[in-house]
Amino acid sequence: MMVQDKRVLVTGGGRGIGRGIVDAFVEGGARVAIADIAGAEQAAKEIGADAVGVTCDVSSSESVANALSVVGEALGGLDIVVNNAGVEAFGPLHELSEDAFDKVVSVNLRGTWLVYKHAVPLMQGGGAIVNIASLAGIVGFPLLGAYAAAKAGVVRMTEVMAIELRDLGVRANAICPGFIDTPMIRRAFDDFEAATGQPLAEIITARQGRLGTPQEVAALALFLGSDAAAFVNGTAITVDGGMNVNRI
Ligand SMILES: NC(=O)c1ccc[n+]([C@@H]2O[C@H](COP(=O)([O-])OP(=O)(O)OC[C@H]3O[C@@H](n4cnc5c(N)ncnc54)[C@H](O)[C@@H]3O)[C@@H](O)[C@H]2O)c1
């Protein structure tokens, strides 16, 4: 996939989709750094080779500045940045607490922007930004209002990144996964059933066929990060088993 020796940063790469993305790039011969609020060093240790792990809260500018300085020094720059760190808050929008709303926007939207802001100066040779948004960033999902709003912001911001950085040789694209089998979706199973009395698993089977896997999202992240996607810029691609077009 043409990522051999590319220097890659994956936020939230300690587990779930992020870890799947880390593994895909490592398999492709890339040099990978993981920035995560938990488990970054452990994941880097498991990968071995010259993987870098740094603890980072993407919603804190100090934390991001520190992490990007560590990563920049360790890898000597960056070619690919995958903004994957994210959190959800579950519940009707009018009942969501201010803290929950602020956290979701801070991590998913502000965090994507902060990491991007500190990463761009390290991308002197051009490269690619891959932002993990969500299908909820394209269509509204009940009980995920703040999350859907933040992810819609990520999709729109990705378009601006693509336009603003094209002349520097940096592409930016977003991935919009449907329901993917990770700790995040396992939490949603419980929250959804508690709120609606309906098992989320049944809805997923009906609308999406089955749960997706982190590897299925990682395959697209690998493509978008690689030179194989050299003319793919400013788009948001769904990975959802067709859920977005399933109207019956
Ligand atoms: N699982 C799904 O069905 C699904 C669907 C659509 C989009 N997504 C998106 O995919 C991305 C990964 O989700 P996942 O399902 O693997 O979730 P997850 O909860 O399993 O993993 C999220 C990762 O992000 C890290 N993280 C959380 N807050 C952070 C912070 N402030 N700073 C740095 N790292 C932080 C966590 O420690 C964890 O490693 C998220 O952006 C999520 O919104 C997931």
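This report describes the surroundings of the ligand and the packing of helices in a predicted model.

Because the model is predicted, local features are given where pLDDT is at least 70 and side-chain atom pairs count only at pLDDT 80 or more, while totals for chains, interfaces and linings use all residues. Residues are numbered from 1 along each chain as its sequence is written.

**Ligand shell**

The ligand is surrounded by 29 residues, a residue being taken as near a molecule if its C-beta atom, placed from the backbone, lies within 6 Å of it. The closest are Gly12, Gly16, Gly86, Thr182 and Met184. At least two residues of this shell come from each of α1 (16-27), α4 (98-119) and α6 (183-196), where helices are DSSP runs (H or I, at least four residues) numbered from the N terminus. By class, the shell holds 15 nonpolar, 11 polar and 3 charged residues; Ala, Val, Leu, Ile, Met, Phe, Trp, Tyr, Cys and Pro count as nonpolar, Asp, Glu, Lys and Arg as charged, and the others, Gly among them, as polar.

The 14 residues of α6 should span 20 Å at 1.5 Å a residue, and the end C-alpha atoms of α6 are 20 Å apart, which agrees; the expected span is 1.5 Å times one less than the number of residues. Just after α6, Gly197 takes a positive phi of about 75°.

**Helix packing**

| Pair | Angle | Axes |
|---|---|---|
| α3 (61-75) and α4 | about 40° | 9 Å apart |
| α4 and α5 (145-165) | roughly 15° | within 9 Å |
| α1 and α8 (214-225) | roughly 50° | within 8 Å |

Angles under 35 degrees count as roughly parallel, over 145 as roughly antiparallel, 65 to 115 as roughly perpendicular and the rest as oblique. Therefore α3 and α4 are oblique to each other, α4 and α5 are roughly parallel, and α1 and α8 are oblique.

The crossing of α3 with α4 is right-handed, meaning that the near helix is turned clockwise from the far one by less than a right angle. In this pair Ser61, Val64, Ala65 and Leu68 of α3 meet Leu114, Val115, His118 and Ala119 of α4, contact requiring C-beta atoms, placed from the backbone, within 7 Å. The residues of the α3 contact with α4 divide into 6 nonpolar, 2 polar and no charged.

A right-handed crossing is also found for α4 and α5. Residues making this contact include Phe101, Val105 and Trp113 of α4 and Tyr147, Lys151 and Met157 of α5, and by class the contact has 13 nonpolar, 3 polar and 1 charged residues.

Helix α1 likewise passes α8 in a right-handed crossing. Among the residues that meet there are Gly16, Arg19 and Asp23 in α1 and Pro214, Gln215 and Leu222 in α8, and the contact of α1 with α8 divides into 10 nonpolar, 3 polar and 2 charged residues.

Methods
Axes fitted to C-alpha atoms, helices over the stretch in contact; angles between N-to-C directions. Contact = placed C-beta atoms within 7 Å.
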